[in-house]
Amino acid sequence: MTEISRRAFLSEVNLYDGHYGELATDLQGEVRLETYGEDLGQASWITGAEAREWFDLLRLGGRQNALEVACGSGGMTCAMATHTGATCMGVDINVHGIEAAKERAEREGLSSIVSFQVVDAGRPLPFSEESFDVVFCNDSINHLPDRLSVLQDWYRILRPGGRVLFTDPIVVTGQLSNEEIRLRSSIGFFLFTPAGHNEHLLEQAGFNVRKVQDVTDAVASVSRRWYDARAKRRERLTAVEGDGGFDGLQRFLTAVHVLSSERRLSRHMYLASKRGPRAGV
């Protein structure tokens with residue numbers, strides 16, 4: 001993405017800088033705990049229970065290496081290492097998120113098996129061929145501009161038979177107005193994808209598609225709880241975010257909830273494997 005096109009997609013709502021910059025505050029922790037039932041520092045639609053189910057699908061274990069693309073503040077990367085025993089790396093373009101991730105890994109005593117780097121995942125990743133057994137990317141592939149190139153790069157860094165699991169939370173499954181699209185993408189660059197297209201791109205990149213699952217219910221429920229948790233704390237949050245920042249994120253969450261509840265934008269999980277000797281495992 002060129003610098004000019006990046007400027008064209010500057011977010012109206014500052015979700016990520018604000019979230020990661022205030023990650024350790026009691027206020028944000030209260031919101032996350034009420035939203036997800038478990039505070040892993042997340043700013044997406046995933047719960048800890050859902051994540052652990054997907055780590056099991058990836059069949060990760062000790063002596064394997066996993067990469068989380070767009071790891072945010074690293075809570076899921078740390079959870080993946082703890083749950084599976086694998087050596088895990090997280091990459092993200094947000095400096096605040098990576099700083100928080102490194103602090104989390106150290107705090108949880110995971111620095112020997114968990115590491116983090118500031119990386120623009122929309123560009124070729126700075127890793128050699130066949131470096132990882134697993135690539136995991138939750139609710140973030142829609143922020144990367146050239147999906148086929150991204151998937152081809154993931155294929156490059158995976159070992160033969162390695163697995164990739166990603167979620168796309170904005171699969172188009174109904175009619176959308178221009179205003180709804182604007183609100184849903186108000187936090188930054190978004191790539192809206194029609195149903196069935198991700199499967200086609202995975203196959204084009206060289207993967208065998210193993211499983212596709214509709215997991216839209218999580219978006220509808222998490223967005224509702226996130227909105228409500230913030231609404232209860234409006235006065236405290238506006239002191240940090242300002243009235244405009246608070247209202248902008250509330251409008252975003254409302255749009256997310258409506259579109260997911262009405263199944264006009266859906267969230268799908270994709271599990272695929274790199275062709276090779278372990279592909280049938």
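Arg 63 lies in the loop between helix α4 (48-57) and strand β1 (65-69); helices (H or I, at least four residues) and strands (E, at least two) are DSSP runs, numbered from the N terminus. The model is predicted, so local features need pLDDT of at least 70 and side-chain atom pairs count only at pLDDT 80 or more, while totals for chains, interfaces and linings use all residues. Residues are numbered from 1 along each chain as its sequence is written, and side-chain values use heavy atoms, with hydrogens and water left out. The chain has eleven helices and eight strands.

**Whole chain**
- Of the 281 residues, 52% count as buried; buried means under 20% relative accessible area, exposed means over 50%, and partly exposed lies in between (1.4 Å probe, protein chains only).
- The chain exposes about 12100 Å², and carbon and sulfur atoms supply 50% of that area. Accessible areas come from the Shrake-Rupley method with a 1.4 Å probe, and for residues only the protein chains shown count as cover.
- Among contacts between residues at least 6 apart in sequence, 76% join residues at least 24 apart; a contact means heavy atoms within 4.5 Å.

**Positive phi values**
- Most residues other than glycine have a negative phi.
- Arg 63 has a positive phi near 70° and is not a glycine. Arg 63 counts as exposed because its relative accessible area is 86%.
- Glu 130, in the loop between β3 and β4, also is not a glycine and has a positive phi of about 55°. With a relative accessible area of 40%, Glu 130 is partly exposed.
- Gly 37 follows α3, and its phi is positive, near 80°.

**Strands β2 and β3**
- Strand β2 (residues 87-92) and strand β3 (residues 114-118) pair in the parallel sense over five bridges; two strands pair if DSSP finds at least two bridges between them.
- Cys 88 stands opposite Val 114 in β3.
- Together with helix α6 (residues 95-107), β2 and β3 make a right-handed β-α-β unit. A crossover is right-handed if, with the strands pointing away from the viewer, the path from the first strand over the helix to the second runs clockwise.

**Helix α11**
- Helix α11 (residues 234-261) has 28 residues, but its end C-alpha atoms are only 24 Å apart, short of the 40 Å that a straight helix would reach at 1.5 Å a residue. The expected span is 1.5 Å times one less than the number of residues.
- A kink of about 110° in α11 is centred on Gly 242; the bend at a residue is the angle between axes fitted to the seven residues ending there and the seven starting there.
- Buried residues of α11 include Leu 237, Phe 246, Leu 253 and Val 256. The buried residues of α11 pack against α3 (26-36), α8 (178-184), α10 and β8 (265-274).
- In α3, the buried residues include Leu 27, Val 31 and Tyr 36.

- Ser 223 is found in helix α10 (residues 216-232) and counts as buried because its relative accessibility is 1%. Leaving out residues up to four places away in sequence, Ser 223 touches Trp 45, Leu 253, Val 256, His 257 and Ser 260.
- Asp 139 lies in the loop between β4 (132-137) and α7 (147-157) and counts as buried, at 5% relative accessibility.
- Asp 139 and Thr 167 are 28 residues apart in sequence, yet 5.2 Å apart in space, C-alpha to C-alpha.
- Beyond four places in sequence, the residues that Asp 139 touches include Trp 45, Thr 167 and Arg 267.
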